[in-house]
Amino acid sequence: MSDDLRFSLVISEGPHDVEAAAKVLRLKKFQRARKLHEVPALLQAVIPRHYPSENKDGELCRIVAHPSFLFKENYWILLSNANGESNLGGNLDEILSPLSKQYVDTTLRGIAVLADADAKNADGKRRALFSQLSEAFADGGDLALDPAKPDRIRVFAHSRPFGMYIFPDCQSCGTLERVLLAGAQNTYPELLKEAEKYVAYAKTLLYAKNLTSGSNGEKAVVGVIANALRPGKANQVSIHDDDWFTKESLTSLALHQALSEFIDTIIQWGR
């Protein structure tokens, strides 16, 4: 690996966000490192070496979490599942803390956060996340946010680009599932139609009352399609393997184009 290695961090609420971002990156010719030796030696420090991992307080997790590593030439993008909105700040700190300060100072290009708007509008969710992260970094440690410069984050002594993408489109309320369903309408329209019928029927059943709450109906439709495409597999496997996103959709579908442009911004940080 040459001396001009650069990297950025993308922290998300959950595994579906990670796979969505990874899919878009792979469509932009990034590769995913699958083996430890493929990851640059200094970046390997972010991979937990103990089971159970220390940052889970000894919890007996079946899988020890680590970022996904995607790269194109000498630019690496680390995608991390924080396992919940409240863990975004802590997860970011956990990734940076094992790395040497000098290494971060010379190679880190930017940090981004992916999150669902849910019932809020995007601006409301962005403000709430910024406040939450500012509080998480308020101990005067290695990370800090400044309300006067919301597009920057201080890491150690240096200011870096900072961005938030609020699903579905950085404007509306909703979740990543709305973005996925736009892709399903484009690629799997017949399957989408039948999945919507199935979930609409399920909503009439007393024991399926959770389907009527928030965006759970959209999540269920995604789950039905994903199980039809990859029976018995998790949704993130389908996002990785199937055509929820395509090269064509990144330019023809508004929700996909918005995400693609944000990913392009992250890619630009490395240049």
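Biologist: In which loop is Pro 168 found?

Modeller: Pro 168 is found in the loop between β8 (158-167) and α5 (176-187); helices (H or I, at least four residues) and strands (E, at least two) are DSSP runs, numbered from the N terminus. Please note that this is a predicted model, in which local features need pLDDT of at least 70 and side-chain atom pairs count only at pLDDT 80 or more, whereas totals for chains, interfaces and linings use all residues. Residues are numbered from 1 along each chain as its sequence is written, and side-chain values use heavy atoms, with hydrogens and water left out.

Biologist: What kind of peptide bond joins Phe 167 and Pro 168, and which residues other than glycine have a positive phi?

Modeller: Most residues other than glycine have a negative phi, and most peptide bonds are trans. Here, the bond joining Phe 167 and Pro 168 is cis, with omega about 15°. Cys 170, in the loop between β8 and α5, has a positive phi of about 65°. Glu 73, in the loop between β3 (68-72) and β4 (75-81), has a positive phi near 55°.

Biologist: Is Glu 73 buried or exposed?

Modeller: Buried means under 20% relative accessible area, exposed over 50%, and partly exposed in between (1.4 Å probe, protein chains only). Glu 73 counts as exposed because its relative accessibility is 68%. Cys 170 is partly exposed, because its relative accessible area is 22%.

Biologist: How is an aromatic pair described, and how many are there?

Modeller: A pair of aromatic rings is described by the distance of the centres and the angle of the planes. Rings of Phe, Tyr and Trp (its six-membered ring) pair if their centres lie within 6.5 Å; planes under 30 degrees apart count as stacked, over 60 as edge-to-face and the rest as tilted. By this rule the count is six aromatic pairs. One of them, Phe 7 with Tyr 103, is stacked, at 6.1 Å centre to centre and 15° between the planes. This pair links distant parts of the chain, for Phe 7 is in strand β1 (residues 6-12) and Tyr 103 in helix α3 (residues 101-107), 96 residues apart. Phe 7 counts as buried because its relative accessible area is 0%, and Tyr 103 is buried at 11%. Another pair, Tyr 165 with Phe 167, is edge-to-face, at 5.3 Å centre to centre and 70° between the planes.

Biologist: Which residues do ring pairs link into a cluster?

Modeller: Tyr 165, Phe 167 and Phe 262 are linked in this way. Both Tyr 165 and Phe 167 are buried.
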